[in-house]
Amino acid sequence: MDPKNCLHTVEVVSSSPEQVGRICKQLLSDAAANGFDADDIFAIHLALEEATLNAVRHGNKGDAGKKISVDWTITGEKLDVSITDEGCGFDPDCLADCRVDENLYKCCGRGVLLMQSYMDTVEYNQRGNCVHMVKFKCGLRADADKAGVHRAEQNSEELNASDD
Amino acid sequence: MDKAKPNIAVEYTEAATVAVLTDDKILDESEVSALESSIVPLIEQNPGINLIMDFSSVEFLTSSVLGLLIRISKKVHEGEGQLRLCGINSKILDIFRITRLDKVFDIHEGRQEALESLE
């Protein structure tokens with residue numbers, strides 16, 4: 001990838017809604033400035049809100065002393081974003097399906113489904129504390145970027161190393 | 001911290017109480033919590049309430065709001081009331097469809113249709 005044609009940003013912030021909200025606004029502003037349309041922005045916004053909420057609430061357990069890393073790259077065709085928390089992680093394969101009758105009236109558990117529905121790729125690192133998502137510009141949807149898992153792992157290791 | 005501006009406007013008709021959500025975006029926990037604090041007393045103080053929630057001004061919401069709507073629905077039905085949602089734009093309606101909550105909630109295009117659906 002030609003670095004002249006991509007925007008790469010890494011932000012590490014405290015695990016508070018205000019800090020995370022600021023980063024979300026910055027990322028959405030970057031996406032809009034780089035040609036993502038209103039439907040793309042809606043999708044990215046929703047996935048980002050769900051992922052950061054999960055990082056704050058479930059990953060870092062609401063501990064504002066812990067950090068969240070948001071790492072994003074925007075090219076002419078897609079947005080790559082990885083969100084990493086300091087939690088123990090989880091196994092996304094063990095999530096209950098919120099759409100089946102017995103779970104339909106539960107008050108939570110819909111965030112990952114929405115992320116998967118609105119982004120082109122959603123994948124977790126092995127520990128389950130870093131989610132990597134890709135959104136292609138409208139009409140440019142392509143196969144998932146196989147390198148994403150490696151990047152998620154790398155981000156997780158960097159965040160963990162910053163604690164040492 | 002709760003926002004200073006009100007997040008619902010309440011209107012009363014002969015048949016129903018209409019809670020109009022006034023925020024265009026409902027994002028973080030504090031906003032959902034403020035919304036819950038505004039609506040739950042309406043339900044608790046009026047058992048058997050016919051509540052219409054009007055989303056005409058809402059352009060964006062997260063799954064936290066869906067969770068709140070489930071809690072509101074349970075409270076309304078515990079008091080043997082009725083809940084209707086209306087004014088939901090097509091993008092947000094997709095969120096209800098994806099999560100199958102369009103099968104849970106009684107959703108109407110406009111307020112008049114919601115009023116007419118009440119038993």
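Which residue in E3(A) is the bridge partner of A:Trp72? The partner is A:Val81, and the legends below place this pair in its setting. The model is predicted: local features need pLDDT of at least 70 and side-chain atom pairs count only at pLDDT 80 or more, whereas totals for chains, interfaces and linings use all residues. Residues are numbered from 1 along each chain as its sequence is written, chains are lettered from A and ligands numbered from 1 in the order in which they are written, and side-chain values use heavy atoms, with hydrogens and water left out.

**View 1. Strand E3 of chain A and its pairing.** Strands (E, at least two residues) and helices (H or I, at least four) are DSSP runs, numbered from the N terminus. Two strands pair if DSSP finds at least two bridges between them. E3(A) pairs with strand E2 (residues 67-74) of chain A in the antiparallel sense over six bridges, and E2(A) and E3(A) form a hairpin with three residues between them. Strand E5 (residues 130-136) of chain A is joined to E3(A) by seven bridges, again antiparallel; here A:Thr84 has A:Cys130 as its bridge partner.

**View 2. Burial of strand E3 of chain A.** Burial is stated as relative accessible area with a 1.4 Å probe and protein chains only: buried is under 20%, exposed is over 50%, and partly exposed lies in between. Strand E3 (residues 78-84) of chain A is largely enclosed by the rest of the structure, because seven of its seven residues are buried. A:Lys78, A:Asp80, A:Ser82 and A:Thr84 point one way, while A:Leu79, A:Val81 and A:Ile83 point the other way. A salt bridge (a side-chain nitrogen of Lys or Arg within 4 Å of a carboxyl oxygen of Asp or Glu) links A:Asp80 with A:Lys78, the closest N and O atoms being 3.3 Å apart.

**View 3. The interface of chain B and chain A.** Contact (heavy atoms within 4.5 Å) involves 23 residues of chain B and 24 residues of chain A. The buried area, which is the accessible area (1.4 Å probe) that two parts lose on being put together, summed over both, is about 2,000 Å², with carbon and sulfur atoms giving 66%. In chain B, the residues that lose the most area to chain A are B:Phe60, B:Lys91 and B:Ile98, together 27% of what that side buries.

**View 4. Charged pairs across the interface and within chain B.** Three salt bridges are counted between chain B and chain A. In one salt bridge, the side chains of A:Asp101 and B:Arg100 meet at 3.5 Å, N to O. Strand E5 (60-61), helix H2 (63-78) and helix H3 (90-98) of chain B each supply at least two residues of the side that touches chain A, and H2(B) gives the most, with seven residues. Within chain B, B:Arg71 forms a salt bridge with B:Glu36, the closest N and O atoms being 3.0 Å apart. B:Arg71 lies in helix H2 and B:Glu36 in helix H1 (residues 29-44) of chain B, so the pair ties together parts that are 35 residues apart in sequence. B:Arg71 is partly exposed, at 30% relative accessible area, and B:Glu36 is partly exposed, at 23%.
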